[in-house]
Amino acid sequence: MSEKILVTGATGKFGRELVRGLLANDLDVKAGTRSPDRARELFGDRVEVVELDYHRAETYDASVQWADRLLLTPPPFDPDAYETLRSFLDWAVASGTRHVVLLSAMGVDRVQELALWKLERQLEEVGVDHTILRPNLYMQNFGPGFLAEEIRNEGRVSLPAGSAAVSFVDVRDVAGVAHQALVGEEHFGLAHTLTGPRALTMTEAAGILSEVTGRTIRYQPIEEEGMRTFLEDRGWTEGRIETALGLFGSIREGARAPVTDTVSSILGRPAIPFETYARENRGCWD
Ligand SMILES: NC(=O)c1ccc[n+]([C@@H]2O[C@H](COP(=O)([O-])OP(=O)(O)OC[C@H]3O[C@@H](n4cnc5c(N)ncnc54)[C@H](OP(=O)(O)O)[C@@H]3O)[C@@H](O)[C@H]2O)c1
């Protein structure tokens with residue numbers, strides 16, 4: 001009988017790719033989400049959807065009691081992710097989950113007070129088979145959201161990223177690696193840093209977007225304070241803003257530039273280049 005796999009954060013950028021890939025292989029998967037209606041829109045009736053909110057322990061049982069394996073998605077930029085997910089993780093392990101794949105992030109090992117770093121250590125201590133994925137920034141961050149809006153309206157990408165390069169990874173490659181980790185045992189105990197095939201400065205990324213759209217799109221480096229104001233205006237909490245600014249600091253220091261060959265060695269094909277992502281998603285920036 002096939003393993004039962006619970007994907008948390010199922011409607012997120014990563015979760016939806018993973019669920020689709022698992023379903024395409026006829027695996028036994030449940031989609032855990034705070035938005036069951038949205039999940040049904042995305043996946044139709046091909047998957048059982050369970051309501052799951054890390055902040056509501058009464059939603060835990062319906063998802064974890066069933067699962068042999070768990071893909072754990074921390075909420076993005078959540079400075080309290082460790083406290084929030086720790087109880088969910090303990091609950092899952094106590095309920096019989098035997099393997100946990102954690103969606104962490106590239107470079108968390110550099111800043112040991114980060115919630116994701118503490119979660120990684122917790123996972124090692126909790127006494128369950130586990131795999132840690134540390135992807136670099138997704139190419140899909142240029143897709144629907146505030147960056148795409150600015151590109152469409154202003155022909156500009158404004159970020160406090162300095163002139164450093166980033167080895168963006170396509171989220172489909174991250175989902176592909178997670179898929180492999182969830183269906184076998186060979187990734188137990190491993191931590192994988194996942195990047196795209198090459199590092200691009202924001203100016204180079206904007207140049208590729210210009211080429212595929214036929215419009216001029218330029219990168220505008222901004223100060224950290226500009227980003228802070230932008231996020232404050234969107235109602236972000238101080239803690240989330242600090243976490244996001246920490247990420248941009250690590251980009252400016254060059255910590256997001258290294259390239260690994262982990263995606264290609266696990267998937268047996270080259271990692272998806274930014275040019276391919278951009279061509280396939282041209283419509284986002286028209
Ligand atoms: N974006 C990147 O470039 C990137 C790169 C490397 C690592 N990561 C890591 O990946 C993680 C997810 O980031 P993302 O960019 O993929 O975000 P995302 O697209 O917003 O997906 C995150 C998902 O987490 C789920 N979630 C949020 N709060 C929750 C809660 N209280 N209870 C249950 N589920 C909750 C939501 O799923 P539902 O809406 O379905 O409930 C949400 O869609 C983050 O920890 C981030 O550090 C992201």
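## The ligand and its surroundings

How many residues surround the ligand? There are 24, and the closest are T11, T33, R34, Y138 and N141; a residue is near the ligand if one of its heavy atoms lies within 4 Å of it. The shell divides into 12 nonpolar, nine polar and three charged residues. In this grouping, Ala, Val, Leu, Ile, Met, Phe, Trp, Tyr, Cys and Pro are nonpolar, Asp, Glu, Lys and Arg are charged, and the others, Gly among them, are polar.

## How to read this model

This is a predicted model, in which local features need pLDDT of at least 70 and side-chain atom pairs count only at pLDDT 80 or more, while totals for chains, interfaces and linings use all residues. Residues are numbered from 1 along each chain as its sequence is written, and side-chain values use heavy atoms, with hydrogens and water left out.

## Helix α8 and T213

Helices (H or I, at least four residues) and strands (E, at least two) are DSSP runs, numbered from the N terminus. Helix α8 covers residues 202-213, and its end C-alpha atoms are 16 Å apart, which agrees with the 16 Å that its 12 residues should span at 1.5 Å a residue. The expected span is 1.5 Å times one less than the number of residues. In α8, M202, A205, A206, I208, L209, S210, V212 and T213 are buried, where buried means under 20% relative accessible area, exposed over 50%, and partly exposed in between (1.4 Å probe, protein chains only). Their cover includes α6 (146-154), β7 (156-159), β8 (165-166), β10 (200-201), β11 (218-221) and α12 (274-280).

T213 lies in helix α8. Its relative accessible area is 16%, so T213 counts as buried. A polar atom of the T213 side chain lies 3.2 Å from the backbone nitrogen of R215. Leaving aside neighbours within four places in sequence, T213 is in contact (heavy atoms within 4.5 Å) with R282 and W285. Just after α8, G214 takes a positive phi of about 75°.

## Helix α5 and strand β6

Here a helix and a strand can be read together. In helix α5 (residues 115-125), the buried residues are A115, W117, L119, E120, R121, Q122 and L123. What covers them includes α4 (81-94), β5 (99-103) and β6. Just after α5, G127 has a positive phi of about 80°.

R134 sits in strand β6 (residues 129-135). Is R134 buried or exposed? R134 is buried, because its relative accessible area is 12%. The side chains of R134 and E120 are joined by a polar contact of 2.7 Å. Not counting residues up to four places away in sequence, R134 touches a list of residues including W117, E120, R121, H192 and L194.

## Other places to look

G15 belongs to helix α1 (residues 13-24) and is buried, with a relative accessible area of 2%. Leaving aside neighbours within four places in sequence, G15 is in contact with V7, G9 and A10. In helix α11 (residues 262-267) you will find S265, which is exposed at 54% relative accessible area. A polar atom of the S265 side chain lies 3.2 Å from the backbone oxygen of T262.

D26, in the loop between α1 and β2 (28-33), has a positive phi near 55° although D26 is a residue other than glycine; at 69% relative accessibility, D26 counts as exposed. F77, in the loop between β4 (69-72) and α4, has a positive phi of about 55° and is not a glycine; F77 is partly exposed, with a relative accessible area of 29%.

Conventions: A polar contact is a pair of N or O atoms within 3.5 Å; within protein, one must be able to donate a hydrogen and the other to accept it, and residues adjacent in sequence count only if both atoms are side-chain atoms.
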